[in-house]
Amino acid sequence: MTEPDRDDIQAQLQVILDDAERERAAAAATSPVAASAMRREGLDRAEREIKDEVLRMGSLVAAQIEAAISALAAHDYDAATAVIVGDVRINEAQRHVSSLIQTAIATQGPVARDLRFLLSLDHVTYELERMGDHGSSVAKQAQKLAPQPPLAPYDDLLRMGGLAADQVRKVLRALVDLDVSAARVVAAVDDDIDDLYHKIFADVVELMRADPGNVERGTSILFAARTTSSASATG
């Protein structure tokens, strides 16, 4: 065998060895363990995006609750209208998050805990959308009250709105962090919201009994208080 022939054979052998090494690397990359790791990475990335979007949606809802109560307390018709118009952003956010969840389930194949978690977040988006509707309902009462003089100070109603909005933010953070202790702390705030509602109810009913002319305004305030109480995150 001549030297050139030997060099040619060695070159061909090296090509074969290189091909074999690439095939082994490809097989290792697509092994069950490697494939599982890749799926896990993709699912984790999808869950992070969904969590971020749920928190963003929650921030929108909390802001709507606060804005609606503030508009009512200030008898600000334009501010109340802005709350009603802004509800479309919450609806759009709900559809966006629900779409992300459906895509993650379809493409990442989550099972057990991950699937339950994603389905729970999907349910949460619908609850958040409902809370956004409550904010719009309060804003509609604010529109009715805007041309009229205040019936009474709104300190308790403003405090209730602040607690409800803060509860939305904190309970969602506890949910995405899977923090049971934090969720229990947030749930306890429900008692404070209920106490404020009952106080507002008693005070307004007393004013309505004292003067029939207070009934229309009182009814709007009671409706707004009840709706805000219903918009609390654990109510």
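## Helix α5 and its buried residues

In this predicted model, the buried residues of helix α5 are L157, M160, G161, A164, A165, Q167, V168, V171, L172, A174 and V176. The helix covers residues 155-176, 22 residues in total, and the distance from its first C-alpha to its last is 32 Å, close to the 32 Å expected at 1.5 Å a residue. After α5 comes L178, which lies in the loop between α5 and α6 (180-210) and which has a positive phi of about 55° although it is not a glycine.

A164 is a residue of α5 whose relative accessible area is 0%, so it is classed as buried. Leaving aside residues up to four places away in sequence, A164 is in contact with I65, I193, T228 and S232. The C-alpha atoms of A164 and E66 are 8.4 Å apart in space, although these two residues are separated by 98 positions in sequence.

## Overall architecture and confidence

The protein contains seven helices and zero strands, and its elements follow one another along the sequence as α-α-α-α-α-α-α. Of its 235 residues, 38% are buried, and its accessible surface amounts to about 13000 Å², with 57% of that area belonging to carbon and sulfur atoms. When contacts between residues at least 6 apart in sequence are considered, 83% of them join residues at least 24 apart.

The mean pLDDT is 86, and 82% of the residues reach 70 or more. Confidence is highest in helix α3 (residues 77-108), with a mean of 95, and lowest in helix α1 (residues 3-29), where the mean is 53. Over residues 1-7 the pLDDT is below 50, and in the model this stretch has two contacts beyond near neighbours in sequence. Where pLDDT is low, the predicted coordinates should not be read in detail.

## The largest nonpolar core

The largest nonpolar core has 55 residues, and the members that touch the most other members are I50, V54, L72, L128, L157, V168 and L172. Two or more residues are given to this core by each of α2, α3, α4, α5, α6 and α7, and the largest share, 14 residues, comes from α2.

For L128, the contacts made beyond four places in sequence are with V54, M57, G58, V61, I90, V168 and L172. Among these partners, V54, V168 and L172 are themselves listed with L128 as core members that touch the most others, and V168 and L172 are also among the buried residues of α5.

Q141 belongs to helix α4 (residues 112-145), and because its relative accessible area is 9%, it counts as buried. Apart from residues up to four places away in sequence, Q141 touches L72, S220, F223 and A224.

## A loop residue and an aromatic pair

H75 is found in the loop between α2 (32-74) and α3, and its phi is near 50°, a positive value in a residue other than glycine. With a relative accessible area of 13%, which is under the 20% limit, H75 is therefore counted as buried.

The count of aromatic pairs comes to one, namely Y197 with F201, whose rings are tilted, with 6.2 Å from centre to centre and 45° between the planes. Because Y197 and F201 are four residues apart in helix α6, about one helical turn separates them. An α-helix has 3.6 residues a turn, so residues three or four places apart point the same way. Y197 is buried at 13% relative accessibility, whereas F201, with a relative accessible area of 39%, is partly exposed.

Notes. Residues are numbered from 1 along each chain as its sequence is written. This is a predicted model: local features need pLDDT of at least 70, side-chain atom pairs count only at pLDDT 80 or more; totals for chains, interfaces and linings use all residues. Side-chain values use heavy atoms; hydrogens and water are left out. The expected span of a helix is 1.5 Å times one less than its number of residues. Buried means under 20% relative accessible area, exposed over 50%, partly exposed in between (1.4 Å probe, protein chains only). pLDDT is the predictor's confidence in each residue, from 0 to 100. Contact means heavy atoms within 4.5 Å. Accessible areas come from the Shrake-Rupley method with a 1.4 Å probe; for residues, only the protein chains shown count as cover. A nonpolar core is a set of buried Ala, Val, Leu, Ile, Met, Phe, Trp, Tyr and Cys residues joined through side-chain atoms within 4.5 Å. Rings of Phe, Tyr and Trp (its six-membered ring) pair if their centres lie within 6.5 Å; planes under 30 degrees apart count as stacked, over 60 as edge-to-face and the rest as tilted.
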